[in-house]
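Subject: Handover of a protein structure

Dear colleague,

Please find below the structure that I am handing over to you.

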Amino acid sequence: MQHSFRQAVSARNMRAGATSRARTVSVNASNIQKLVNTFCLAPALPLSQCLVMALGTWPLMHYALSRHIPNSTASMLPFNTLSLAHYSPPVHTVRDGAMLDRKLRVAVIGGGPAGACAAETLAKGGVETYLIERKMDNCKPCGGAIPICMVGEFDLPDEIIDRKVTKMKMISPSNHEVDVGKTLSDTEWIGMCRREVMDDYLRKRAEKNGAKILNGLMMKLETNGDEPIKVQFNNYADGGKVGKPETIEVDLVIGADGANSRVAKDIGAGEYDYAIAFQERIRIPDDKMKYYENLAEMYVGDDVSPDFYGWVFPKYDHVAVGTGTVVNKTAIKQYQQATRDRSKVKTEGGKIIRVEAHPIPEHPRPNRCKGRVALVGDAAGYVTKCSGEGIYFAAKSGRMAAEAIVAQSAQGTRMVGESAFREYLDKFDRKYWTSYKVLDILQKVFYRSNPAREAFVELCEDDYVQKMTFDSYLYKTVVPGNPIDDFKLLVKTVQSLVRANALRTGEGINVSFGSKSEKDRVKVA
């Protein structure tokens with residue numbers, strides 16, 4: 001007995017001296033009995049041997065006892081590993097690329113499209129996956145628009161898509177309306193979703209594929225070089241208002257916890273500008289809802305937002321009316337009221353059923369990866385300027401990060417590190433950097449003044465502009481254009497901007513809103 005125990009201690013110490021990450025310690029009832037029997041024999045051994053045995057096996061003993069003795073007793077032990085034992089055994093260090101005698105472990109913080117898609121891909125790829133999300137019924141103030149390519153690429157069912165929009169109206173500061181969507185084919189449309197429905201579906205699908213869903217709020221990450229990452233979170237599984245502190249140890253962490261990302265703060269990802277999005281869900285009479293059956297509206301003007309747009313998007317049995325801004329967040333309710341005013345004729349008689357507000361990132365964070373922790377979705381800052389789109393890029397970034405982990409770990413059988421995240425970032429940037437840059441330029445050019453917005457809406461009347469815009473949006477690529485048509489568009493853009501600049505330097509356009517009648521609201525100089 002003593003000889004075999006010393007062999008076990010020696011083997012364990014050799015493993016503990018290895019470099020890099022995570023090896024599982026397996027404990028069962030028979031192991032506990034052997035440890036207890038051994039220590040019962042301790043008085044017959046020299047004191048020095050007893051000390052070596054006690055110190056060398058205490059972490060194993062503590063873990064084993066925490067699995068098999070009451071909480072009241074285990075809480076007296078000097079190390080707090082109870083929560084870890086509740087989910088999985090502790091892990092020790094193993095170098096990158098080494099074969100594992102267990103599955104690779106990854107924690108995904110945040111259960112929106114980015115986190116849910118990452119968790120699903122990881123679980124399907126053989127990785128032991130934990131998805132931590134606090135608000136399982138989260139209703140984010142989001143327009144909820146998704147491109148048709150996302151439906152097929154992410155295998156989204158019709159039941160989570162409230163509306164299939166085939167027509168849009170762009171409405172200028174002077175209330176000049178332009179119908180957009182003339183170039184769409186019969187099979188092309190923009191999906192409108194409620195985030196609480198879509199996110200729930202994606203999380204449940206991840207769970208069906210093997211991800212462990214934890215109703216919790218991440219509090220802190222503890223990273224120490226190549227040691228396993230300790231994820232401290234409050235567990236709300238029992239439904240209480242106060243979460244129970246828990247800890248799990250993992251090999252890698254994906255931060256998908258939104259614009260206010262705690263993961264980003266913990267890794268020093270850097271600050272970025274963010275917008276405040278404000279949205280009201282309004283249930284309107286059936287005859288008015290019929291108008292919005294397959295139609296969405298976008299309002300531009302410094303009354304609805306100095307740097308963004310206001311929207312009326314159709315949902316299942318209501319419309320979502322909202323706006324956003326970066327430059328004047330304190331006036332968000334004023335901008336929301338202006339959006340309500342401008343859409344009043346079409347939405348009056350409605351009842352507000354929900355009011356929502358949330359920060360939206362304006363550009364990618366300076367640092368999206370540090371060691372074995374990386375950011376995806378809003379946490380990484382993947383929301384486009386000008387359009388404010390983020391759902392597709394969130395889901396795509398989550399999946400791409402997970403795919404890199406699965407590939408480099410050989411389906412969760414090998415240890416991986418920062419190189420997997422760097423691979424994901426390189427691929428994402430190469431594929432989408434141009435889209436972000438183009439939309440950034442468009443916002444700077446056309447959202448700088450009301451006359452510039454008038455020019456923007458005027459350009460949207462052009463069929464070539466509509467085709468290029470929708471092809472790029474629906475299929476998430478910057479579509480190469482026809483050189484002759486591109487030149488014509490350039491000339492038309494310059495002409496529109498020249499007219500806009502002339503208006504800007506003159507008396508300009510005066511748009512007034514409020515309690516006046518519809519016909520009296522607009523005055524053009």
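With a relative accessibility of 25%, E423 counts as partly exposed, because that class lies between the buried residues, under 20%, and the exposed ones, over 50%. K427 also belongs to the partly exposed class, at 40%. The side chains of E423 and K427 meet in a salt bridge, with 3.3 Å from N to O. Both residues sit in helix α15 (residues 418-446), four residues apart, and therefore about one helical turn separates them. Please keep in mind that this is a predicted model.

Salt bridges

In general, side chains of opposite charge can pair when their charged atoms come close. How many salt bridges does the structure hold? The number is 29.

One of them brings together the side chains of D179 and K169, at 2.6 Å from N to O. Are the two partners buried or exposed? K169 is buried, at a relative accessible area of 13%, whereas D179 is partly exposed, at 44%.

A further salt bridge joins K492 and D462, whose closest N and O atoms are 2.6 Å apart. This pair links distant parts of the chain, 30 residues apart: K492 is in helix α18 (residues 483-505), and D462 is in the loop between α16 (450-459) and α17 (463-475). K492 is partly exposed, with 34% relative accessibility, while D462 counts as buried, at 18%. Elsewhere, salt bridges with shared partners connect K169, E177, D179, E297 and K346 into one network.

A nonpolar surface patch

Which residues form a nonpolar patch on the surface? They are F487, L490, V491, V494 and V498, and together they have about 460 Å² of accessible area. Among them, L490 is located in helix α18. L490 has a relative accessible area of 51% and therefore counts as exposed.

Helix α14

Helix α14 covers residues 391-408, 18 residues in total. From its first C-alpha to its last, α14 reaches 26 Å, close to the 26 Å expected at 1.5 Å a residue. Of its 18 residues, 15 are buried, so α14 is largely enclosed by the rest of the structure. Just after α14, A410 takes a positive phi of about 55°.

The protein as a whole

The protein has 525 residues, of which 54% count as buried. Its secondary structure consists of 18 helices and 20 strands. Among contacts between residues at least 6 apart in sequence, 72% join residues at least 24 apart. The protein exposes about 24,000 Å², and carbon and sulfur atoms supply 54% of this area.

Confidence in the model

The average pLDDT of the protein is 82, and 78% of the residues score at least 70. Over residues 1-86, however, the pLDDT is below 50, and this stretch has 104 contacts in the model beyond near neighbours in sequence.

Yours sincerely

How values were computed: Residues numbered from 1 in each chain as written. Predicted model: local features only at pLDDT ≥ 70, side-chain atom pairs only at ≥ 80, totals over all residues. Heavy atoms only, no water. Salt bridge = Lys/Arg side-chain N within 4 Å of Asp/Glu carboxyl O. Buried < 20%, exposed > 50% of the residue type's maximum accessible area, 1.4 Å probe, protein only. Helix = DSSP H or I, 4+ residues; strand = E, 2+ residues; numbered from the N terminus. Patch = residues over 30% accessible without salt bridge, like charges linked within 9 Å, V, L, I, M, F, W, Y side chains within 5 Å. Areas by Shrake-Rupley, 256 points an atom, 1.4 Å probe, with all protein chains shown as cover. Expected span 1.5 Å × (residues − 1). pLDDT = per-residue confidence, 0-100. Contact = heavy atoms within 4.5 Å.
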